[in-house]
Each structure stands twice: as structure tokens, then as C-alpha cells.
Amino acid sequence: FGKAGRAATATDPAPLTMIETVIQLKPREQWRPGMTTAKLIEELEATVKFPGLTNAWVMPIKTRIDMLATGIKTPVGVKVAGADLAQIQQIGEQIEQVLLQLPGTASAYSERVAGGRYIEVIPDRQRAARYGLAIEDINQLVATAVGGVNIGQTLEGRERYPINLRFPREQRDSLEDLRQLPLISPSGAQLALAQVAEVRISDGPPMLKSENARLNGWTFVDIRDQDLGSYVVEAQQAVREQVQLPPGYSISWAGQYEYMQRANQRLSQVVPLTLAIIFLLLYLSFRHAGQALLVMASLPFALVGGFWLIYLLGYNLSVAVGVGFIALAGVAAEFGVIMLIYLDNALRDRQAQGPLDQAGLLAAIIEGAVQRVRPKAMTVATIVVGLIPIFIGTGTGSEVMSRIAAPMIGGMITAPLLSLFVLPAVYLLWKRRGLV
């Protein structure tokens, strides 16, 4: 099922040229073997082809939310602002052609903001005055004959339907028929509409859009097999190089790109704050800046497994992936803290037995590190087993949850290895400097 144009609500900024078709899919258990959403979209793209229309395959609820927030129903949108609609349309067509040449572009369509056709009825005041007709009489005739007027309401149970009166279709379905619409003057003379008004077809905007008190024209872009951030960077560069903007016109990028910009801005604040909090907690735990710095320096190496798994799965960097890495950083720091605590305890026990030499230091570090093998293995196994159902799930929201779990699962390979092998070695290099 679907709709053409806009719904009867102010929250649906859609022109008549936007056709929404909703496809209801069968449960995944009934899909063909090996079928995925991406493959399904590829088959639909190859099958559904209409001249003059471009396809954008998006989820209905997500699209509605995006349209309410940004007005753009595709992942990327380009807004051209200026004073003249014809010039805005020309710039939009140039942007459309440039973006269609970019790799990763599935479809690009620029609104024809000046491509509407209207039937204009322009009253001739002098002729109308000769017959005693007012402009309101002519306008009322056109409104009633073409658009109709509600003269009542019919009740059928709880349903109510308006009773609309207008001329038959055969008297209003062509320009010539409209010119022959009958008028009766106050003196009783029968006239045709063409005798007192000019009826013509004129160009105009199908729908006016404005932002910041400036007229807008939008270009809708759907992308495939490329992450949003890198695509927009390439698209912005291509548009800058190939599209020349006249004075007084500007381009802005919208759609999900706006969400990404806001998310990047927040992550640029959250990530440093998270690392600062981790360092503060480490310092409060050890009361020593050196040990806190040792754990902090090991964090990037602990995250390597998460990055490798993200790469192998083909996931793009997103907010969900960023959240997963933040959680992984916390777990990796915890591994380092526990390892250092056991190493310190083993070192103190050795020092209590007498002066410490190189061999004693090495034995103490080996003893402290070995004590953490079984607890660490149990911790890693618990985390991985708990995340596997989230990682392989296929239900609602699984796309987001799997991207949060993936960095944690990948990091559970490198983080324990780092704390078991690298941290004791660095600890040995640090502590033996004070030995003779």
C-alpha cells in the first residue's frame, strides 16, 4: 500500500511527486536461503524501474522520524537556498548529475522546484464590469465548478461523509471546457468564462519550501556499500569542484548526516571525558601517577581486537560502535588494574622475605601474573558468553546491539593477552631500574 503527495497534516512536508510505497515482508524464517535485506534491496532495485522516478529503499518509521526532524527521507540530503526558484532548480540538477557519478550513490533526485503547471483564471475587470459581475463572482464559479463545495453531510452509522457539489468531469477536464463554463450575470445574461477571464496554463512551484527565510530546493541521495561520513566528504568535494554557485546562493548538507555531525561532536567530548575519569579513578586506586599512566598507555593496544573484528564484519564507525569501544576501554582498564594489584602484592611478599634482586623481581612478577590466569579466563568467558546472543541476534534492534557488542567481543581477545603478557613485561622494565 502507499500514498502519493502529502497527508492531511502539517508534519508531512511532501510534494505530489513523492510516492511512498510500503512493502510488508514475510518473517525471516520464510525467506529464501542466503537472502538478506541488502540482497532483497538489490533485487527490488533491479525490478522496480519507472521512467522519471528514482528509488530510495528506507524503513517506514525511520523515514518518518527523519522527515519530521530534518525533512529529508534519504540518508543524505542537499539543500540549496537562494532567491530565485528557477536558479535553485538549475543548481539542484547540477548537483544531481555530479552525485550520480560518485561511487556509492544508489540514487539521486533533485526536486523540480519550478516544474509545476497551473491553470490560471485571470479575470478581466473591464469586461466583467460591463456585465455587472464582481471578481468574487468569477472566483466563486471557478472554486465551485472545479474544486466543488460541500453542501451537506451524510451519516452512515458512525461514519460521516461530505456531500460535495461540482460540475461533471466532462465539463472541467480540459482547458477549453473550463473556458466554456457558464456564467449568469445579474441582468440574466448567459456568458462563458472566457468572455470575462483569461484561462491559461502557467509554470510555477509545485511546493514552496523555506528555511531561515530563504527559498529552498532539496536533493535526495540514497547510498549503498559506503559509510555515511566518507561519502559526504567525497560528495562535498565533488560539488565544490564541479558546481559553481552564483552570488546569494548556498548549499547545506542534511539528513542522517546531521545526526552524524551531532554524534561526532558529542563523542569528541564524551571520549576524552571518559579517559579522564578512568585516569582519575586509576590514580585514586594506586595513589601513583606512574601506574595509572601505565594502564592508560596500554588501552589503545587492548582495543586492537575490537577494531579488527569491526573491520572483518564490515561495520562502519557509528555511535553504537563508539559506545562499544567506550565499554571495552573500561573493561580493559579493569584488567590492567587487577593485574597491577596482584603484581604489587607479589612484589611486597618477596620484599618481606629479604633484599630483592633481578631474579627475585622476575620470580615475583611471574608469580603475580600466573595468579591472574584463571580469574581472567573466567571473566573473559563470562563476558563473551553474555554478549554472543546479542551479537548474533536477528530481532528488532539487533543491528544496533550487534555493533555495540562487536568491539567488546573482539577486545576480549587482545585485552586479556595484553594484561597477561605485556603489562608484566613493562612492569619488570619499570621496577628493575631501582635494583642493583
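The legends below describe close-up views of a predicted model.

Because the model is predicted, local features are given only where pLDDT is at least 70 and side-chain atom pairs only at pLDDT 80 or more, whereas totals for chains, interfaces and linings use all residues. Residues are numbered from 1 along each chain as its sequence is written, and side-chain values use heavy atoms, with hydrogens and water left out.

**View 1. Helix 3 and the elements packed against its buried residues.** Helices (H or I, at least four residues) and strands (E, at least two) are DSSP runs, numbered from the N terminus. Helix 3 covers residues 85-100, 16 residues in total, and its first and last C-alpha atoms are 22 Å apart, close to the 22 Å expected at 1.5 Å a residue; the expected span is 1.5 Å times one less than the number of residues. Its buried residues are Leu85, Ile88, Gln89, Ile91, Gly92, Ile95, Glu96, Val98 and Leu99, where buried means under 20% relative accessible area, exposed over 50% and partly exposed in between, with a 1.4 Å probe and protein chains only. These buried residues pack against strand 3 (76-82), strand 4 (105-110), strand 12 (214-223), helix 8 (228-242) and strand 13 (250-255), contact being defined as heavy atoms within 4.5 Å.

**View 2. Ser250 in strand 13.** Ser250 counts as partly exposed, at 28% relative accessibility. Although Ser250 and Val80 are 170 residues apart along the chain, their C-alpha atoms are separated by 5.8 Å. Once neighbours within four places in sequence are left aside, the contacts of Ser250 are Lys79, Val80, Ala81, Arg214 and Leu245. With Arg214 there is also a side-chain to side-chain polar contact of 3.0 Å; a polar contact is a pair of N or O atoms within 3.5 Å, in which, within protein, one must be able to donate a hydrogen and the other to accept it, and residues adjacent in sequence count only if both atoms are side-chain atoms.

**View 3. Gln236 in helix 8.** The residue Gln236 is buried, with a relative accessible area of 18%. Apart from neighbours within four places in sequence, Gln236 is in contact with Trp253 and Tyr257.

**View 4. The loop between strand 11 (210-211) and strand 12, at Asn212.** Asn212 has a positive phi of about 55 degrees although it is not a glycine, and at 75% relative accessibility it counts as exposed. Ala213, placed in the loop between strand 11 and strand 12, has a positive phi of about 65 degrees and is likewise not a glycine. Ala213 is exposed, with a relative accessible area of 81%.

**View 5. Aromatic pairs, of which a search of the whole structure finds two.** Phe307 and Phe325 form a stacked pair, 4.3 Å centre to centre and with 25 degrees between the planes. This pair links distant parts of the chain, since Phe307 lies in helix 11 (residues 304-313) and Phe325 in helix 12 (residues 319-352), 18 residues apart. Phe307 is partly exposed at 48% relative accessibility, whereas Phe325 is buried at 10%. The rings of Trp308 and Tyr311 have their centres 6.1 Å apart and their planes at 85 degrees, so this pair is edge-to-face. Rings of Phe, Tyr and Trp (its six-membered ring) pair if their centres lie within 6.5 Å, and planes under 30 degrees apart count as stacked, over 60 as edge-to-face and the rest as tilted. Trp308 and Tyr311 are three residues apart in helix 11 and are therefore separated by about one helical turn. Trp308 is exposed, with a relative accessible area of 52%, and Tyr311 is exposed, with 61%.

**View 6. Arg403 over the face of Tyr315.** Arg403 lies at 4.1 Å from the ring centre of Tyr315. A charge is taken to sit over a ring if NZ of Lys or CZ of Arg is within 6 Å of the ring centre and within 35 degrees of the ring normal.

**View 7. The largest nonpolar core, with 44 residues.** A nonpolar core is a set of buried Ala, Val, Leu, Ile, Met, Phe, Trp, Tyr and Cys residues joined through side-chain atoms within 4.5 Å. Leu282, Leu340, Leu343 and Met412 touch the most other members of the largest core. At least two residues of this core come from each of helix 9 (256-286), helix 10 (289-302), helix 11, helix 12, helix 13 (358-370), helix 14 (373-392) and helix 15 (398-431), and helix 12 gives the most, with 13 residues. Not counting residues up to four places away in sequence, Leu343 touches Ile365, Gly368, Ala369, Pro424 and Tyr427. A second, separate core has 24 residues, including Ile91, Leu102, Leu228 and Val239.
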